[in-house]
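Hi,

Here is the structure I promised to pass on. Please have a look at it first, and then read my notes below.

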Amino acid sequence: MARAMPAIEHKLNITEEEVPECIRLLAAKQGECSKTKQETIAQFRNYILERNDCQPHRNDDKYLEKFLRARYWKIENSYKLICNYYKFREENKSYYEKVRPLDLRHLGDENILTVTPYRDQLGHRILIYHFGLWRPNRVTVDDIFRATILLQELGSLEPISQIMGGVAIFDLKDLGLEHMLHLSPSVAQKMIALLVTSMPIRTAALHIVNQNWLFNAAFKIFKPFLNASMRERLFIHGSDMRSLHEHIYPEHLPKRYGGMHEDYSYTLWLDMLQHQCASSEIQKDMEQLGFIFD
């Protein structure tokens, strides 16, 4: 008899109390120490102020901590990340300023991207792109970036995700020439910035599935922007889901990838924002970044 899947709730785990002991132990291996944490954050704050290459809109402990976690508590690396983050924001203001998350509902309706409401066996959320479903005449590249940033910013509020990072699946089934026309080096560079170099949440692995003959052309555009570390975390599976299952167990995947879950729309996260986050700390954090919820 098939085992019933537990009820799935779209909910952000934003409290430190929700971090399981096994992930706390991993955090310690990454350099996080409860005895020296406050001192390290203070050192990071002073490092930012002394060098003055970027002016974060916040410098409280909770905010700075996620940049330190993303770079294993190494101050110089965390400083480079926070500078990259604010440089990306400055160069792409239209992705943040006056963006209404609820206006991005059409990306969920088209099923172009989503983040799973559950985690994989290691604690990662899974960001899934269905690029073959993208219709460029209906959804702009910029809106895909806006939606990605919204999901990344929400994920970066979760201590579990700050410690573990996330994983991404690029599903290239039905990728066509109409998509390739919009895949410029500039677009590739921005995508890598969001997944690798410029957001306070790590991408632990990037999985390519269902690629066709166009993938080689697309990969040539992306490859120059992948550093050596990210190339080691890039896995190309084709249509062999058993290969994917070696990294993400089937009980943590949608049925379309040989898993056990239904597809959950991006719009369910927007519903969570609309109904559960009114006047909440989450909404306050997002509004400080420029998002509008009225």
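For the charges, Lys and Arg count as positive and Asp and Glu as negative, while His and the chain ends are left out. On that basis the protein carries 37 positive and 38 negative side chains, and the centres of the two sets lie 3 Å apart. Please keep in mind that this is a predicted model.

Now the overall picture. The protein has 14 helices and 5 strands. Its radius of gyration is 19 Å, close to the 19 Å that the globule rule gives for 294 residues, so the protein is as compact as a globular protein of that length. The C-alpha trace spans about 50 × 50 × 45 Å along the principal axes. Of the 294 residues, 54% are buried.

The part I looked at in detail is strand E2, residues 125-130. All 6 of its 6 residues are buried, so E2 is largely enclosed by the rest of the structure. In a regular strand the side chains alternate between the two faces of the sheet. Here both faces are covered: Arg125, Leu127 and Tyr129 are buried on one side, and Ile126, Ile128 and His130 on the other.

What does E2 pair with? Strand E1 (residues 113-115) runs antiparallel to E2 and is joined to it by 3 bridges, with threonine 114 opposite isoleucine 128. Strand E3 (residues 166-171) pairs with E2 in the parallel sense over 6 bridges, and there isoleucine 128 stands opposite isoleucine 169.

Best wishes

Terms used: Residues are numbered from 1 along each chain as its sequence is written. This is a predicted model: local features need pLDDT of at least 70, side-chain atom pairs count only at pLDDT 80 or more; totals for chains, interfaces and linings use all residues. Side-chain values use heavy atoms; hydrogens and water are left out. Helices (H or I, at least four residues) and strands (E, at least two) are DSSP runs, numbered from the N terminus. The radius of gyration is taken over C-alpha atoms; the globule rule is 2.2 Å times the number of residues to the power 0.38. Buried means under 20% relative accessible area, exposed over 50%, partly exposed in between (1.4 Å probe, protein chains only). The place of a charge is taken as NZ of Lys, CZ of Arg, CG of Asp or CD of Glu. Two strands pair if DSSP finds at least two bridges between them.
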